[in-house]
Amino acid sequence: MEFFDLIRHGQLEAIIKMGQANPALIHQKDHRGFPPLVMATYSEQLPVAQWLLENGAEIDETDAAGNTALMGVCFKGYPEIAQFLIENGADVNIQNSNGATALIYASTFGQIEIAKMLLHAGADKSLSDSRGNTALSHANFQGLQELKDLLTN
């Protein structure tokens, strides 16, 4: 099985074996531009993400669209992984190629628990995407009152 398939399926023992045999795998991107840490977090594989970080993966490395692991869990809705990434120093204010931030993704996809974590970690509510929309704008578009209240206080 290929390294990224192992990551998607959470095959930690095989990942460790391959990673130890070829440490460069931890920094390589797949054919679609996904680094291993982004793939692990998108696939909800926390133990794999932990091992990758412990073995040199860059926490804020981006995929081909400029999304970080933290951004991915914000639109997928994985609060446990979001907390892990934040606690390990993920930059909550990085903007991707469309100007979106983790907070904008959390707002767009109604991830209230994650939005609270991001704000607590210093997420900048004033950042806007390439269309000029902030996290609050996206919460308004979605009609998410709890998020709108959170972002206006």
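Predicted model: local features only at pLDDT ≥ 70, side-chain atom pairs only at ≥ 80, totals over all residues.

Entry 1. The list came out as Ile-81, Ala-82, Phe-84, Leu-85 and Ile-86. Next I asked what covers the buried residues of H6. The cover includes H3 (36–42), H4 (46–54), H5 (69–76) and H8.

Entry 2. Two packed helices are described by the angle between their axes and the distance between the axes, so I looked up both. For H6 (residues 79–87) against H8 (residues 112–120), I got an angle of about 10 degrees and axes 9 Å apart. Angles under 35 degrees count as roughly parallel, so H6 and H8 are roughly parallel to each other. On the H6 side, Pro-79, Ala-82, Gln-83 and Ile-86 make the contact, and H8 brings Glu-113, Ile-114, Met-117 and Leu-118. Sorted by class, I have six nonpolar residues, one polar and one charged in this contact.

Entry 3. I moved on past the end of H6. Gly-89 follows the helix, and its phi is positive, near 95 degrees.

Entry 4. I stopped at Thr-101, in the loop between H6 and H7 (102–108). Is Thr-101 buried or exposed? Its relative accessibility is 2%, and buried means under 20%, so Thr-101 counts as buried. A polar atom of its side chain lies 3.1 Å from the backbone nitrogen of Ile-104. I then left aside the neighbours within four places in sequence and noted that Thr-101 is in contact with Met-71, Asn-93, Ile-94, Gln-95 and Leu-127.

Key:
Residues numbered from 1 in each chain as written. Heavy atoms only, no water. Axes fitted to C-alpha atoms, helices over the stretch in contact; angles between N-to-C directions. Helix = DSSP H or I, 4+ residues; strand = E, 2+ residues; numbered from the N terminus. Parallel < 35°, antiparallel > 145°, perpendicular 65-115°, else oblique. Contact = heavy atoms within 4.5 Å. Nonpolar A, V, L, I, M, F, W, Y, C, P; charged D, E, K, R; others polar. Buried < 20%, exposed > 50% of the residue type's maximum accessible area, 1.4 Å probe, protein only. Polar contact = N/O pair within 3.5 Å; in protein donor to acceptor, adjacent residues only side chain to side chain.
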